[in-house]
Amino acid sequence: MNNVYGEVVVPPNTPTVVNGITVPERAGYSFKGLIVWCHADVEITVMFNLQKIGGGRVSGAVQTLFLDYSASPFGMNPFDTVTILAIQDSSLTPPGSYTVYSTLLFEQL
């Protein structure tokens, strides 16, 4: 497993999983960060084993979010999970569904 790419349409005001991974049984991994991009106003939440570890926002003005954990990566054991959630702020974005793109950055140990 290397980087994990995702592309999901996010409807207004609906929390949506846009990317995620469960570590396979064969080896440990290191979660080094993520890149998320979209041209709508979207709030991003990063969950590690159902615990919030970070997040941010993308918008029409700042369309890319890069969270770099490489200086202090999250060690991941088999069956650990990383989930990326997005919720579109329909009060800031014209009504409609928008595609959110993401890449999770992993390294096998």
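At 37% relative accessibility, Arg-57 is partly exposed. The model is a predicted one, and in it Arg-57 takes part in salt bridges with Glu-43 and with Asp-89.

Asp-89 is in the loop between β8 (81-88) and β9, whereas Arg-57 is in strand β5, so placed that the pair links distant parts of the chain, 32 residues apart. Asp-89 is partly exposed, its relative accessible area being 22%.

The side chains of Glu-43 and Arg-57 meet at 3.3 Å, N to O. Because Glu-43 belongs to strand β4 (residues 42-48) and Arg-57 to strand β5 (residues 51-58), this pair ties together parts that are 14 residues apart in sequence. Glu-43 is partly exposed, at 32% relative accessibility.

The count of salt bridges is three.

| Pair | Distance, N to O |
|---|---|
| Lys-32 and Glu-107 | 3.1 Å |
| Glu-43 and Arg-57 | 3.3 Å |
| Asp-89 and Arg-57 | 3.9 Å |

Lys-32 and Glu-107 form a salt bridge through their side chains. Lys-32 has a relative accessible area of 23% and is partly exposed. Glu-107, at 39% relative accessibility, also counts as partly exposed.

Definitions and conventions: Residues are numbered from 1 along each chain as its sequence is written. This is a predicted model: local features need pLDDT of at least 70, side-chain atom pairs count only at pLDDT 80 or more; totals for chains, interfaces and linings use all residues. Side-chain values use heavy atoms; hydrogens and water are left out. A salt bridge is a side-chain nitrogen of Lys or Arg within 4 Å of a carboxyl oxygen of Asp or Glu. Buried means under 20% relative accessible area, exposed over 50%, partly exposed in between (1.4 Å probe, protein chains only). Helices (H or I, at least four residues) and strands (E, at least two) are DSSP runs, numbered from the N terminus.
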